[in-house]
Amino acid sequence: MNMSWYLKYRPKNVSELGLTEVRETLEKLLGLAKWPHAFLLTGPRGLGKTSTARIIAQYVNCLQPKELGMPCGKCRNCQLFEAGQAVDVIEMDAASNRRIDDIRQLRSGVGLAPSQLKYKVYIIDEVHMLTTEAFNALLKTLEEPPEHVMFILATTELHKVPETIKSRCQVIQYRLATDDEMVQTLERVAKGEKLKVDKKDLYLVARRARGSFRDAIKLLEQVSQDGRVESRLVEKLRGYDELVKTMFDNLLDKKFDEVMDDLEILRKTGVSGEEVVFDFQSLLVDRISRLGTVEREELEYYQDLSRELLEISRDVREVASVFLSVKKMIINLYLKYQRTASQPVKEPRRAKVSERVVKPERIKKSQAEDKKAGEKKAAKPPEPLDNVRIDAEKLKQVWPGIITRSAEINHGLQAILRMGQLGGVKHGVVEIKVGYKLHKALLERAKIRNWLEAELARELGLKRVGLVAEVSDEIRQKQQKRKQEKSTEQDDRVAALLG
Ligand SMILES: [Zn+2]
């Protein structure tokens, strides 16, 4: 039978549960002379809440437990259980049985003695989904539970469970697993599969699973083949790990252009954008927790980054492309902080101006406008306008004026246009050469491009003019050289001041 490893290696007893405190709490509770009649298991998905519920249900019914928290697996009750024929263990999903009638039905069953086992065990998953009436009905049962009944409630959203219910349950809190805990579980799986694998590779898998046993086991299964871990696939994981870390460092250094390039590489390798956002978030948390004193400007940047990431992760399910959202985020940060690759010089005054210009409301508004205009429009090259003839000389004359006015749209745009250069003119389309992909992306945003096209058309006295941005290595080199000169010049000035 081809069963997924996750199902095959579901914990079968308390000692196989991955989270240390959950294991310890359960050992304590199950060792009591009188067991709690209601449990409430709460925490994120993929951490073994359902497995725990089943272990408890089997353990309390086992006729000869091997040891504390370990059902024998052989007695009549265990056999019924393992064959999926234990009719006294009732599993229900509150997401689909959330109405009062469902709970009434449950209550009428509660009164009846178990038909085979010692205990009737009700496992109610996603219990926060119950309606208020259903909760009230459940509460009555929890207040006076018959001796032969046990409730095991599970939820991912504890705050939605009424206090009255919580207070009558033994609450067990699940948290994301540590890398060590996940590696322990992975070792159990590897042993079961007779898998040849290095411990450091297990750690790599664990890190990628971000605290979820389920994801870790699934990932291990994915990178394994014929009894061994495929080094090619593990290399890929390692490659991803390193690339994301580099990207994050570049993001903190405000080397937006490089982040943009790497993002494209990641997208092409088929990594999900959601994953990248999550990893950025955890790297940021890690970085902030190790932060010493930091300049105000830096702190503000961290806060902005964190806010942007949070916003993306909230909408992850709704947006068509998370990658696109991440790119927008980088552009937003770029516009606000305006420093490109290899530009280490801080310009506080200019930063202030940009803060004034690019307020969060404006970013939001322009994002909304972009959405309205449609992402595709921004990315699509302009159609050739065959019947339009642009006078190249006239274009050269009007261009500086457009650059000056572009500051009204935003200062980032003006800086980009200044650093760039007019390219050729063809079929009514004006080409602008820029040094970086990020600049190209910015010029091609619907709002910016529409403005530039309208300005060009007006100035040139034409009905319509198209615009296209191209990345040119030559321009990039020029810009880098200029920056170096600038900073040497400044160094010289500082040196002169110091005498
Ligand atoms: Zn048993």
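Reply: A residue counts as buried if 20 or more other C-beta atoms lie within 10 Å of its own, and as exposed if 12 or fewer do. The model is a predicted one. The helix to look at is α11, residues 231-252.

Start with the exposed side. Ser231, Arg232, Gly239, Glu242 and Lys245 are exposed, and they sit on the face of α11 turned away from its buried side. The buried residues of α11 are Val244, Met247, Phe248 and Leu251. Seen down the helix axis, the buried residues fall within an arc of 100 degrees, so they line one face of α11.

Now the length. α11 has 22 residues; at 1.5 Å a residue it should span 32 Å. The C-alpha atoms at its ends are 31 Å apart, which agrees.

Next, the cover. The buried residues of α11 are covered by elements that include α12 (256-268) and α13 (273-289). After α11 comes Lys254, with a positive phi near 60 degrees.

α11 is also a packing partner for another helix, α9. The buried residues of α9 (residues 199-209) pack against α11, and also against α8 (179-192), α10 (213-223) and β7 (228-229). Those buried residues are Asp201, Leu202, Leu204, Val205, Ala206 and Ala209. α9 is followed by Arg210, whose phi is positive too, near 50 degrees.

Elsewhere in the chain there is a sheet. It is open, with 5 strands in the order β2-β3-β4-β1-β5 and parallel pairing. β2 (89-93) and β5 (170-173) are the edge strands; each has a single partner, so one side of each lacks a neighbour in the sheet. From one strand to the next, the twist averages 15 degrees. Strands β3 (residues 120-125) and β4 (residues 149-155) run parallel and are joined by 5 bridges. Within that pair, Ile124 stands opposite Leu153 of β4.

Last, confidence. The mean pLDDT of the protein is 82, and 86% of its residues reach 70 or more. Where pLDDT is low, the predicted coordinates should not be read in detail.

Technical notes:
Residues are numbered from 1 along each chain as its sequence is written. This is a predicted model: local features need pLDDT of at least 70, side-chain atom pairs count only at pLDDT 80 or more; totals for chains, interfaces and linings use all residues. Two strands pair if DSSP finds at least two bridges between them. Helices (H or I, at least four residues) and strands (E, at least two) are DSSP runs, numbered from the N terminus. Axes are lines fitted to C-alpha atoms, for helices over the stretch in contact, and angles run from 0 to 180 degrees between N-to-C directions. The expected span of a helix is 1.5 Å times one less than its number of residues. The arc is that of the directions from the helix axis to the C-beta atoms. Two residues are in contact if their C-beta atoms, placed from the backbone, lie within 7 Å. pLDDT is the predictor's confidence in each residue, from 0 to 100.
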